[in-house]
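I opened my notebook to go through this structure piece by piece. These are my entries, in the order in which I looked things up.

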Amino acid sequence: MRIGLITTSDDTRHGGIKDLKAEIERQGHTASFFHIDKAGIRIKRKELGIFMIDGKKTRKVDLDAALLRNIGVIKDYEQFVHRIWVVMTLELEGSRVMNRVENWVPASDKFATLVTLAKAGLPVPETVSSEDFFIGYEAAKEFRSSVIKPLRSGLGLGVFKLDDPDAAMHIFNAFTSLNKPIYVQKFLEKKNNGDYRVVVVGDEVIGAEFRKGVTWKTNISQGGIPSKAKITDELADLAIRATKTMNLDFAGVDIAETKNGYFIFETNPSMAWTGFKEVTGVNPAEHIVRHLIKEAKG
Ligand SMILES: Nc1ncnc2c1ncn2[C@@H]1O[C@H](COP(=O)(O)OP(=O)(O)O)[C@@H](O)[C@H]1O
Ligand SMILES: [Mg+2]
């Protein structure tokens, strides 16, 4: 099978992509990069032509399946929809994309994820999202200690804590001047200052790690220290339900334990796994590639 790895031409951060490429080849298939910012779609009658420029050469792209890792740092709405529809075209032309782009988009968006999980009855932190700075200010005042997040980000980047609603007022005012929505979440005291990352592939939990924070942020890239965690029934049930609710083929689900029970922060549809692989001895790439091939043959 010909399997694509969807990312941007300047992507250097995603460690997981190396594991995926190696695993595709180990399982006897061909791997190639599909650089979404170097792709072209030709529309002419019913057959859509997909091609990509590689150095100075343009080549036709024909993939049986693809793994969606990264669509890049988006600066413009048209750029966003263009990249999404490039992947959608791959799907329309018969490639099984994992995670499917229509599910990858909401799962990569913290606001869309929380709305969806909350509606399905899953526990999520109290959150207010708005473009109005006064609404943001009122939420920061109510929560007292709040966490502000970009809607689309990862690795703990741009996630910060605010304890002063008047400082929040100034920051939110600046956000609205930049046309940035405000996403304010109640700060939760996490048991042992850590949280769980549970990895689900298909219907199964393949492993779980506990990430203990050096600061209140527990991301490995923020200095968090991983250790292997026991997959309790409760953790597995939450992670699988969250993954299914978001219609994902696989996900890294972040779950914190507090004195009021468990809370889900996010369902990451293209997670990193450096720490996870080390402490659990499980390589998510192996499971993801196997699942993709099964689905693509389906
Ligand atoms: N509401 C919160 N209360 C306490 N800690 C939080 C909260 N939200 C996020 N964190 C911490 O910050 C980390 C990063 O937040 P997260 O929402 O997972 O964003 P990212 O996509 O950057 O990983 C989480 O793993 C968690 O440790
Ligand atoms: Mg996270």
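**Ground rules.** I take the expected span of a helix as 1.5 Å times one less than its number of residues. Helices (H or I, at least four residues) and strands (E, at least two) are DSSP runs, numbered from the N terminus. The model is predicted, so I note that local features need pLDDT of at least 70 and side-chain atom pairs count only at pLDDT 80 or more, while totals for chains, interfaces and linings use all residues. Residues are numbered from 1 along each chain as its sequence is written, and chains are lettered from A and ligands numbered from 1 in the order in which they are written.

**Helix H6.** I began with helix H6, residues 165-177.

Next I checked burial: a residue is buried if 20 or more other C-beta atoms lie within 10 Å of its own, exposed if 12 or fewer, and partly exposed in between, with C-beta atoms placed from the backbone. In H6, I found Ala168, Phe172 and Phe175 buried. Seen down the axis of H6, these buried residues fall within an arc of 50° (the arc is that of the directions from the helix axis to the C-beta atoms), so they line one face of the helix. Asp166, Ala167, His170, Ala174 and Ser177 are exposed on the face of H6 turned away from the buried side.

What covers the buried residues of H6? I list helix H5 (133-143), strand E10 (160-162) and E11 among the cover; contact here is C-beta atoms, placed from the backbone, within 7 Å. After H6 comes asparagine 179, with a positive phi near 60°.

Asparagine 192 is exposed, with 9 other C-beta atoms within 10 Å. Asparagine 193 sits in the loop between E11 and E12 too, with phi near 45°. Asparagine 193 is partly exposed, with 16 other C-beta atoms within 10 Å.

Elsewhere I noted a cis peptide bond between methionine 98 and asparagine 99, with omega about -15°. Asparagine 99 is in the loop between strand E7 (96-98) and helix H3 (101-107).

Strands of a sheet pair through backbone hydrogen bonds, either parallel or antiparallel. I count two strands as paired if DSSP finds at least two bridges between them. Strand E15 (residues 250-258) has 7 of its 9 residues buried. E12 and E15 run antiparallel, joined by 6 bridges, with arginine 197 partnering aspartate 254 in E15. E15 also pairs antiparallel with strand E16 (residues 261-268), over 7 bridges. In that pair, alanine 256 stands opposite phenylalanine 263 in E16, and a hairpin of 2 residues links E15 to E16.

**A three-strand sheet.** My last stop was an open antiparallel sheet of 3 strands, ordered E3-E4-E5. Strand E3 (39-43) and strand E5 (57-60) are its edges, each pairing on one side only. E3 joins strand E4 (residues 48-54) through 5 bridges, and isoleucine 41 has isoleucine 50 as its bridge partner in E4.

Methods:
Contact = placed C-beta atoms within 7 Å.
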